[in-house]
Amino acid sequence: MSSLLKILNRLEENIEKGKNIEFRVPAIWNSFGYKGLNETEGIITVNPYEFYSECIKKTIIPHYDKDKDYSKPLSKLVPTRRWKGYIGGDWIKRANVYGMQIRTTSAYDHDASGELELNNKYGLKDTGTFLKTIALLPHLKRMGIDAIYLLPISKNSMRYKKGEMGSPYAVKNFFELDPTLKDPMLGDDITIDEEFKALVEACHILGIRIMIDIIPRTSARDSDLIFEHPEWFYWVKIDELDTYAPPYVEGINAGDKPSIENLPKVYVSENVKKHIKKFCSAPNVIDPEKWNSIKEKCLKDSSLDFFELIQEEYGITTAPAFSDCINDPQPPWTDVTFLRLYLDNPEESSKYVDEDQPPYILFDIIKSNLFKGKQKNTELWERIADIIPSYQRKYGIDGARIDMGHALPKELEEMILKNPREFDEDFCFIAEVLDNKGDVSAREAGYNMIIGTAWAAEPRFYKGDFNKLLEEMENLKAPIFAAAETPDTPRAASRLGGKKFSKFVAVMNAFLPNGVPFITSGFEILEKQPMNLGLDAKEENRYLLDKNDPLYGKLAFFDRYALHWENAENTEVMRILEDVSKLRAEYINYITDSSNYVKCKLPYDNILSVAYKVREGILLVLGNMDFEDSIKVNKKELEEALGLDIASINSIYRDFKFVNNTEEDIVLKYGEVAIFVVK
């Protein structure tokens, strides 16, 4: 039986159990006409078992074909449109992507306790689960979403955790799902694997692809892999942790990458020499007999923590990771460590250290794409290269983003990209490349797209960066995310222009050349609080909520956090996304074919203009980046910019409503994006 149908049956069996539960959900989640007990201020009270079962029955099952196996990748179920130069996974170029962290996006204070609990007064979860995420799919589908990018869903570590929940990037086990994503409504006999499989099936039934995030270079400090292979990690004496930090290197600029030229300066540094001395061998190398004893104890008694025993009996621990940039002011990443991809030191570095030097972490070691050893950790490489295929075999995922893929040895990166496409030739890969100039090399490596720089350029529209971005995007060889925010950056709604800026990019990003529209969950309801402070953010960015808000100061990457779904007055952007996604779908064949792009540079710094040849003439998208004043564009200026005589200008999208307008002069209101067909 399909996992989704199994879960539907379980929910229906327990409807009676939920009759006396006052379970609150945001009204926005109710896109299928559920009759709740009452509705106040954007919140409805529901019987949770009935609510989720009705969602599945009313919005997903009508599209279900019993002859199809929806646990397979969507490419095996639905024919993919291909074009000249298409490589497997290029469907992403035509996609509308929604990025979410499941434990956050489908979280809510269901029992009105004022806290987000893992076990609320009804014995249910306030934090997000795979089951609750299924109820959000109709909401996403309505906005034109056809691909979901999930932040890491693997089992993460709670040791050395940052915040209440720990980072999803501190992966304890690559091959197991995060147990907090399991929903207690379904009981213990329905496994978490079945719950995620049901989510994937539901997505595939609705024509939505699922992509995951993998982190092949680092792991949690107490990774489950240590129990099998402690020698795959870097170890440091516990009494050295107080002074453990990336060593400062004299004579090198802050932010410089390690290179063959600056390596002598690195290793002659006294700070580096002191840093290297903090490291020691793995426990099974220091004392094999003691290590075997620890393993035997843990195998006999599952309540024992092997990592605690290592620290207690050896006085050592795994070494925290840090940036590969020299003299980077970032402190160590205390919740993660690097995996030991080579069993010896890099050839270029080995001449600077003693032969008996235990394995250590340093800038060159981290940059293993440039500094390679002779002894590949072959078994570890094979394990890493099987992470994605394991999710394909179990769940039928459709794509993945590779975290820090550029810092891996080229041969390992090739393995990671090759294996999934043997299972699904249309598997999509997103490269964590934050520079648009990395488009060619990423494409040559086999990636379908890169993250790019839109998230940094768009909020700096007032400096002319959005116009510069558009010029860069015209000639990219790999598409980038068209987005003013990502899970790592400040929110669009918190930037200059606020709501006006958010509305502006909600329209414009659907039409940028070589752009893949990307929505970080919460963008559609003008969420201001960032999920993380990783890029372009400052510490004060985490304090944007009202001090009385129970989520004040919290970050979704580390804490229990829920989006402010009940803010019904902030749904205007959501409605814009719905309308614009329909227009993008109508013209998608033209927008995604670079031969249709028409340069249209108007003599206004505050006007962003995008144009494509379409069947009716020219599709023209004009955006006013002045959020205070209107700007008038006349017909003659348009003719000069487009290089043609204009017979008519027909408005198809104005003031966020579909109207018809044939005025020769176009007046763009402050922050307005208008769309026309020019004949």
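Okay, so domain bounds here come from an automatic or database domain assignment. Keep that in mind, and also that this is a predicted model.

The assignment gives domain 1 as 3-76 + 88-217 + 381-582, domain 2 as 220-340 + 342-375, and domain 3 as 593-678. Taken over C-alpha atoms, the centres of domain 1 and domain 2 are 33 Å apart.

Let's look at how those two meet. On the domain 1 side 24 residues make contact, and on the domain 2 side 28 do. About 2,100 Å² gets buried between domain 1 and domain 2, with 44% of that on carbon and sulfur atoms. Which residues of domain 1 lose the most area to domain 2? That would be Arg 159, Tyr 160 and Arg 217, together 35% of what that side buries. Tyr 160 turns up again, by the way: the charged end of Arg 221 sits over its ring, 4.0 Å from the centre.

Now, charges. Between domain 1 and domain 2 we count nine salt bridges, and the structure as a whole holds 45. Take Asp 222 and Lys 172, with their closest N and O atoms 3.3 Å apart. Asp 222 is in the loop between strand 9 and helix 7, Lys 172 is in strand 7, and 50 residues separate them. Buried or exposed, these two? Both Asp 222 and Lys 172 are buried. They also belong to a salt-bridge network, along with Lys 155, Arg 159, Glu 176, Asp 224, Asp 305 and Glu 308.

Asp 324 is buried at 11% relative accessible area, while Lys 257 is partly exposed at 38%.

Last topic, the aromatics. Searching the whole structure turns up 33 aromatic pairs. One of them is Tyr 34 with Phe 51, edge-to-face, 5.4 Å centre to centre and 90° between the planes. Tyr 34 is in the loop between strands 1 and 2 and Phe 51 is in helix 2, so the pair ties together parts 17 residues apart. Tyr 34 is buried at 7%, and Phe 51 is buried at 0%.

There's also an aromatic cluster made of Phe 461, Tyr 462, Phe 466, Phe 501, Phe 504 and Phe 627. And finally, Lys 76 has its charged end over the ring of Phe 423, 5.6 Å from the centre.

Definitions and conventions:
Residues numbered from 1 in each chain as written. Predicted model: local features only at pLDDT ≥ 70, side-chain atom pairs only at ≥ 80, totals over all residues. Heavy atoms only, no water. Phe/Tyr/Trp six-rings, centres within 6.5 Å; stacked < 30°, edge-to-face > 60°. Helix = DSSP H or I, 4+ residues; strand = E, 2+ residues; numbered from the N terminus. Buried < 20%, exposed > 50% of the residue type's maximum accessible area, 1.4 Å probe, protein only. Lys NZ or Arg CZ within 6 Å of the ring centre and 35° of its normal. Contact = heavy atoms within 4.5 Å. Buried area = accessible area lost by both parts, 1.4 Å probe. Salt bridge = Lys/Arg side-chain N within 4 Å of Asp/Glu carboxyl O.
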